[in-house]
Amino acid sequence: MMPQPYSADAGLRAKLRRRYARLVHRRPARLDLTGPTVSFTFDDAPASAAVAAAILERHQARGTYYLCAGLFGETGHMGRYIDATETADLAARGHEIACHSHGHVDAHRTDGAALLADSDRNTAALTALGGSARHFAFPYGEVSPAAKARLADRYGSLRGVHAGLVRDGADLNQLPAVGIEGDDGEAVARLWIDRAVKTAGWLILFTHDVSDSPSPWGCTPGALDRLAAHARAAGCALKTVGEVLDR
């Protein structure tokens with residue numbers, strides 16, 4: 001099963017549902033940040049994002065990869081997806097292997113029992129490859145109150161795609177994140193890094209493919225390298241999602 005290009009429902013009902021979801025089934029984070037912190041995360045993830053791990057390693061950093069085991073080795077609109085061997089290699093190199101959903105299912109539109117079964121299947125597959133699979137990101141960023149409630153007990157955190165910094169007391173069941181995607185993705189991410197520095201907050205960045213000709217949901221290797229360098233130079237700690245929350 002391969003995820004197709006997707007645009008979130010822009011209707012009023014969907015907007016209200018997403019907004020309401022941020023108000024309910026909350027689980028407050030208790031953070032112990034020693035200064036501004038940035039996490040680089042990759043969703044799905046295309047094989048090019050696995051190659052991008054070397055960029056982070058040059059900056060003494062590791063990434064968090066939210067993976068769908070059901071996509072391993074498949075080809076989609078962002079190119080070939082990472083496979084089991086590449087996933088195991090990332091885990092061995094210290095990158096965090098986390099969960100999307102096994103079949104890249106939309107958590108809002110998937111029946112409760114089916115969502116939990118998909119979640120368990122993905123967790124088992126990723127754990128077998130050396131991943132911790134302790135954290136989750138909602139595919140497409142689509143979330144509902146019911147999905148939050150069902151998944152909260154299975155993961156240490158659930159990540160969304162609404163922009164913001166993570167502060168003490170933030171909702172672990174719907175963490176904010178900022179995309180490095182599109183023509184202005186690098187510039188937007190750089191501004192958010194500067195905000196994290198000013199407020200000593202935690203910024204989660206996400207992208208998908210990392211290539212010289214990225215999809216609308218990805219970025220270039222140069223952009224990733226410059227952002228990691230900027231965060232380091234600005235005094236940010238570069239940590240995986242798990243490393244931050246384990247404190």
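Colleague: Leaving aside neighbours within four places in sequence, which residues is E96 in contact with?

Modeller: Keep in mind that this is a predicted model. Beyond its sequence neighbours within four places, E96 is in contact with G63, T64, Y65, S132, R134, H135, T240, V241 and G242. Contact here means heavy atoms within 4.5 Å.

Colleague: And where does E96 lie?

Modeller: E96 is in strand β5, which covers residues 96-99. One of the residues in contact with E96 is R134; the two are 38 residues apart along the chain, and their C-alpha atoms are separated by 9.2 Å.

Colleague: Why is E96 called buried?

Modeller: Buried means under 20% relative accessible area. E96 has 6%, so E96 is buried.

Colleague: Let's go to D44 and A45. What makes the peptide bond between them cis?

Modeller: Omega from D44 to A45 is near -10°, and that bond is cis. D44 lies in strand β1, while A45 is in the loop between β1 and α2 (47-51).

Colleague: What is phi of D44, and is D44 buried or exposed?

Modeller: Phi is near 95°, a positive value in a residue other than glycine. As for burial, D44 has 3% relative accessibility against a cut-off of under 20%, so D44 counts as buried.

Colleague: What comes just after α7?

Modeller: A200, which takes a positive phi of about 55° although it is not a glycine. A200 sits in the loop between α7 and β9.

Colleague: Why is A200 called partly exposed?

Modeller: The label covers what falls between buried, under 20%, and exposed, over 50%. A200 has 38% relative accessibility, so A200 counts as partly exposed.

Colleague: What makes G156 partly exposed?

Modeller: G156 has 31% relative accessibility, and that lies between the 20% and 50% cut-offs, so G156 counts as partly exposed. G156 is in the loop between α6 (145-151) and β7 (157-159).

Colleague: Which residues does G156 touch, not counting those up to four places away in sequence?

Modeller: R27, R134, H135, L172 and L245. G156 and F136 are 20 residues apart in sequence, with 7.9 Å between their C-alpha atoms.

Colleague: One more: how much space lies in the second largest pocket, and which residues lie nearest its centre?

Modeller: About 230 Å³ of space lies in the second largest pocket. Its lining has 13 residues, of which R18, R22, G141, V161 and H162 lie nearest the centre.

Colleague: What is the make-up of that lining by class?

Modeller: The lining of the second largest pocket has four nonpolar, four polar and five charged residues.

Technical notes:
Residues are numbered from 1 along each chain as its sequence is written. This is a predicted model: local features need pLDDT of at least 70, side-chain atom pairs count only at pLDDT 80 or more; totals for chains, interfaces and linings use all residues. Side-chain values use heavy atoms; hydrogens and water are left out. Helices (H or I, at least four residues) and strands (E, at least two) are DSSP runs, numbered from the N terminus. On a 1 Å grid over the protein atoms alone, a cavity is a set of points where a 1.4 Å probe fits but cannot get out, and a pocket is an open set with protein on both sides within 12 Å along at least five of seven lines; lining residues have an atom within 4 Å of a point. Grid points are joined across faces, edges and corners, and a volume is the space filled by probe spheres set on the points. Ala, Val, Leu, Ile, Met, Phe, Trp, Tyr, Cys and Pro count as nonpolar, Asp, Glu, Lys and Arg as charged, and the others, Gly among them, as polar. Buried means under 20% relative accessible area, exposed over 50%, partly exposed in between (1.4 Å probe, protein chains only).
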